[in-house]
Amino acid sequence: MRRITILGLTVLVTAAVLVAAPLLGLETIDPRQVAGGAGAGPEARIFWSLRVPRVMLGFLAGAALSVGGLTFQALFRNALATPYTLGVSSGAALGATLAIRLGAAFSLLGIPAVSLAAFAGALLAVALVYGLARARQGCSANIMLLAGVAVNFSFASLILLVHYTSDAAASFNILRWLMGRLDTVGPDEALRLLPLVAVGGFVALALHRELNLMSVDEELAVSRGVDVDRYRVILFVTTSVMVGGVVAACGPIGFVGMMVPHVCRLLIGPDHRWLGPMSLLAGGAFLVACDVLARLLAAPAELPVGVLTSLLGGPFFLWLLVGRRGAACSA
Amino acid sequence: MDANRTLTPVLDLRHLRLELDGRSILDDVSLAVREGEHLAIVGPNGAGKTCLLKCVNRILRGWRGMISVNGVSIAAFSQRELGRLVAYVPQVGGRLTPFTARETVLMARYPHLTPFAAPGLRDQRYAEDALALTGIGALADRSLDTLSGGERQKVYLAAALAQDARLLLLDEPATFLDPRHRDDFRRVLRTVNRRKGVTVVEVTHDLNCAVLDADRIFALKDGRAAFCGPPEQFMVREVMHRVFDRAFLTVNHPTTGQPVILPEVGGP
């Protein structure tokens, strides 16, 4: 199948998911009931102030995680590299855990303390990993990945420690935060995320030629005229900030960033000019679809969406490793 | 060769020094390469040959001294500008990538593209020409991870040619190739060097190919220039012994009569 066809189909599927998702849930909503805006009755209010913002948030988060994973897989030439591997999620989780444990209840510019702490933690972790690797001149991809893994382990045990010393209520909130969530009231959270995702997504998509060359070989990319040092920093920073924002808003939703780019690569090939837009759309659509499933499967209760993505992602990843070894190893 | 072309060397290294992790890699290396020349760089492993090439295309930074291309210090070029002047074929054993041969070659047009633009018709023509010249047109739609080492190396050569630079750096491009692929490779290099006037600087361990193909031999030993001159002067037992710490002898080829370098039996 030609790449333009595959991308076209992705656009159609994404559009279908985005239209259908806010109508589905504990109660299926008739599109005619919501045409008049939020004031047209209880269904319209649920639709406009709960479900549409939730779909927006889910799409932005999924798109950002997916494009972020794609970018890091290319930058580090490693199939397992995502912003999470580099400490974004564990940093955010530590920040959020501390804020919950300490009972921080303030908010700044409408952003709750837990989100602020998570965002700060994410950026701190990335800066730490980058600084550690930088200290050993050259900051090679492998050293950064190993530093990221080490930071992840340390932060994970710190999270356990904070969790262990918390009371029952805080403990429950920490656990719930760590599972990832997309429930939101009103469009504020999605709108706050929008600029981060727009910038991060634009940079990653615009630099598709550089990503192609860098994903093959960094030295070869330099010899072809790519200013690798510059583009690596630009991509690294915008992606980290974007994914840090997502984790701060939604918690550490797993596997989207790792698996969606791989699936897209299997379908549309390794050229980032096509792979970038497809990963963005597919990541957003996948997370929104998972969220619909999470709402429907255990209705009237809701499964945490992060649990569902990882539940689907784990077996998928094993299949990728065992069944499609060649494709999986050549990120 | 006319006088103007010999005035400004295509590549000019002066007092080049490089240290990596506190170890001296290149120590006061000076070298001027004329336009249209085919220069072979030889020397023992670890002599600094690869690093020398990598300094020229700025893969390695932090060297001291001066490197200029077409008479202009390379510090004055953006990486993209340098990419239009200098192309590079790395050592065999690069990463296996899922890109096809054609995509790989087309990607080398990067320094000629305007920002954010995709390759156009002109770039595709360069890519097709390079694929045809290297004889891999039939493999163009195969992905690199399905090609043999020799075929893959030809793709990287084709990519460097599509980059359309006047100076071509090659790092042991044919070391692990079988005799047929190696000779294909040499033939392509000869074509671009003789017919298109592309300057070739090639690191190699194949002394016999070096003395046959190159106009001049440059030998490095322990990061210093150990010899620089025409092949006839290199094929002297004392010179080769000094460079490689090993005894060589030359015999005449039974059919062509050309001198051939052989290692002396019994070691150094």
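**View 1. Polar contacts join chain B and chain A.** In this predicted model, nine residue pairs, both at pLDDT 80 or more, are in polar contact across the interface of chain B and chain A. A polar contact is a pair of N or O atoms within 3.5 Å; within protein, one must be able to donate a hydrogen and the other to accept it, and residues adjacent in sequence count only if both atoms are side-chain atoms. There are also two salt bridges between the chains, counted where a side-chain nitrogen of Lys or Arg lies within 4 Å of a carboxyl oxygen of Asp or Glu. Look for K54(B) and E219(A), which form a salt bridge with their closest N and O atoms 2.9 Å apart.

**View 2. A six-stranded sheet in chain B.** Here six strands form an open, mixed sheet in the order β6-β7-β8-β3-β9-β10. Strands are DSSP runs (E, at least two residues) numbered from the N terminus, and two of them pair if DSSP finds at least two bridges between them. β6 (86-89) and β10 (224-229) of chain B stand at the edges with a single partner strand each, so one side of each has no neighbour in the sheet.

**View 3. Strands β3 and β8 of chain B side by side.** β3 (residues 38-42) pairs with β8 (residues 199-203) in the parallel sense over four bridges. Within this pair, A40(B) stands opposite E202(B).

**Notes for all views.** Residues are numbered from 1 along each chain as its sequence is written, and chains are lettered from A and ligands numbered from 1 in the order in which they are written. Local features need pLDDT of at least 70, side-chain atom pairs count only at pLDDT 80 or more, totals for chains, interfaces and linings use all residues, and side-chain values use heavy atoms, leaving out hydrogens and water.
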